[in-house]
Amino acid sequence: MTVRSFLPSFNKGRRLLFQCAASAAVLASVGVSPMVQAAPGGVANLAMVAEPQTLDPMASTTDLVATIMQHVYEPLYTFDAKWNIQPMLAESLPKVSADGKTVTIELRKGVKFHNGKEMKSDDVVASLKRWMDIAPRGKAVSKEIKSLDAKGPYTIVLSMQNAYAPLLAHLALPSGFAAIMPKESAVNPLKDFIGTGPYQFKERKPDQYVLLTRFDGYSARKEPASGYAGKREALLSELRFIPVPNPNTRVEGSLSGQYQFADLLPAEASPRLAGKPNVVPVITAPFGFPYVVLNTVQGPLQKQGVRQAIQAALNMKEIMTAGFGDPKFFSVEGNHFPKGSPFYSMDGTASYNQANAAKARDLAAKAGYKGEPVKILTSKQYEFHYRMALVMGEELKLAGFKVDMQVVDWATLIQRRNDPALWDIYMTHSAFLPEPTLSPPQLSDGAPGGWKSAGKDVSVTVFSHEMDPAHRGALWGKVQSVVYDEVPYIRLGSFNSLTAKSSKLQGYTPMPWPYFWNTKLAD
């Protein structure tokens, strides 16, 4: 058994590893032929929770898209194992003027795209402008930038409106991320998936797999590997990301050895995986937080009082128990960051876990709720989402709400949440991240739910413009208070995740978005 630190800044993260063996039955059941290790390094079958709705790394904030496409595309900066920001496609950390308003980034030389072209500053500028145009976090960053220019073939300069503390963290995040691509491919919609990563896009067969192959022209960094940072090597010849929507099928595939990795398994599968020959269950504690997003622009929840009523109705212990069962997999806590984090705060948490149906009914009536259906979107691909949504729906009914539970596949949920006419609440989750403005995306602009307010703008702007880490910690509480008051989303608690890997998969390092460079299969 090994124990790995996951979020050292929280001093809690760890993954526990055991072992897995091989059979072709499960993939055959989902229409995918078993694979053999024909090429040097072997081929890995990686069971994902669903079919990705897009392969555009900027167009989606979902973990699924990030997990797959971070192998194809790379950012200027990334996170190491201790969540420090490190350069990736940038040559080094940027030069920042004394007032924080001029950020100069030198690029690595000789980095090749998958089409053979060398990456240069024009490509980076075009990529970042595309990101600022279409990605929620990119849109938030764009408001802080006066200009973005190429200065010679290997230098870019950002002129900022003000000093902006989260800049590098936003450039490093692989979810809805600032992926660097050739300027000629940086169009919308994205037609060609050409990056600089250790793997290149080969083929997508919907509902079967996304196939990535080793990029032999990859330009690796020389620093030792650490988290997402440092040297990346494509030791496996192919990565096959397979959509396996049924969580129990992912469990069976792990037990049989058909999958070399299986993502987000039901908590109750832990005893079945523990102690089995060649199976490696991986428990991450804490992994992140489930939350529900509320529609602030259309329908009954556009009224703040109705959203506050929804929040008042929820019994978080009941909801979290429904999702995870065993208390070792969850905690009920309203603080958005755990003790030990510089952003730990109890501000606003009096509104958390009220479990007060009578109060909720009264708040809803005062806000003008007249029995309109509240459309709740959820999916069984993340089984804990579905179970929590069912309990939440029953609690809302007790508070006098008419509930319309809509259970769809994950890809459909992602599509529908972009149209505010189609939903009022949807269930999702996030990993813990070291920079608060990274998650949820509702803290940025353009995310589903459409949250805009003066309170948001003031609190997030003041927090983001403060460069002193000690002062930023205190300012986060102001943001948290606004979230509890305006209710654009409701954080339900904290949870630990369960995944599984084969013991033959060597070199795997647990992180929120699983990656498979620097991994190989033992003989």
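Two strands are taken to pair if DSSP finds at least two bridges between them. In this predicted model, strand 20 (residues 494-502) meets that description with several partners, among them strand 14 (residues 279-294), with which strand 20 pairs in the antiparallel sense over seven bridges; within this pairing, Ile 283 stands opposite Leu 498 of strand 20. Strand 13 (residues 261-262) is likewise antiparallel to strand 20, the two being paired over two bridges, and here Ala 262 has Ala 500 as its bridge partner. Strand 15 (residues 330-331) also runs antiparallel to strand 20 and is joined to that strand by two bridges, with Phe 330 partnered by Phe 495.

Strand 20 is mostly covered, nine of its nine residues being buried. Ser 494, Asn 496, Leu 498, Ala 500 and Ser 502 point one way from the strand, whereas Phe 495, Ser 497, Thr 499 and Lys 501 point the other way, and residues of both sets are buried.

A search of the whole structure finds five cavities of 30 Å³ or more, and the largest cavity has a volume of about 210 Å³. The largest cavity is lined by 20 residues, of which Thr 61, Asp 63, Tyr 291, Thr 428 and His 429 are the closest to its centre. Strand 18 (residues 425-431) provides the largest share of this lining, with five residues. By class, the lining of the largest cavity comprises nine nonpolar, eight polar and three charged residues.

How values were computed. Residues numbered from 1 in each chain as written. Predicted model: local features only at pLDDT ≥ 70, side-chain atom pairs only at ≥ 80, totals over all residues. Heavy atoms only, no water. 1 Å grid on protein atoms, 1.4 Å probe; cavity = no way out; pocket = protein on both sides within 12 Å on 5 of 7 lines; lining within 4 Å. Points joined across faces, edges and corners; volume = space filled by probe spheres on them. Helix = DSSP H or I, 4+ residues; strand = E, 2+ residues; numbered from the N terminus. Nonpolar A, V, L, I, M, F, W, Y, C, P; charged D, E, K, R; others polar. Buried < 20%, exposed > 50% of the residue type's maximum accessible area, 1.4 Å probe, protein only.
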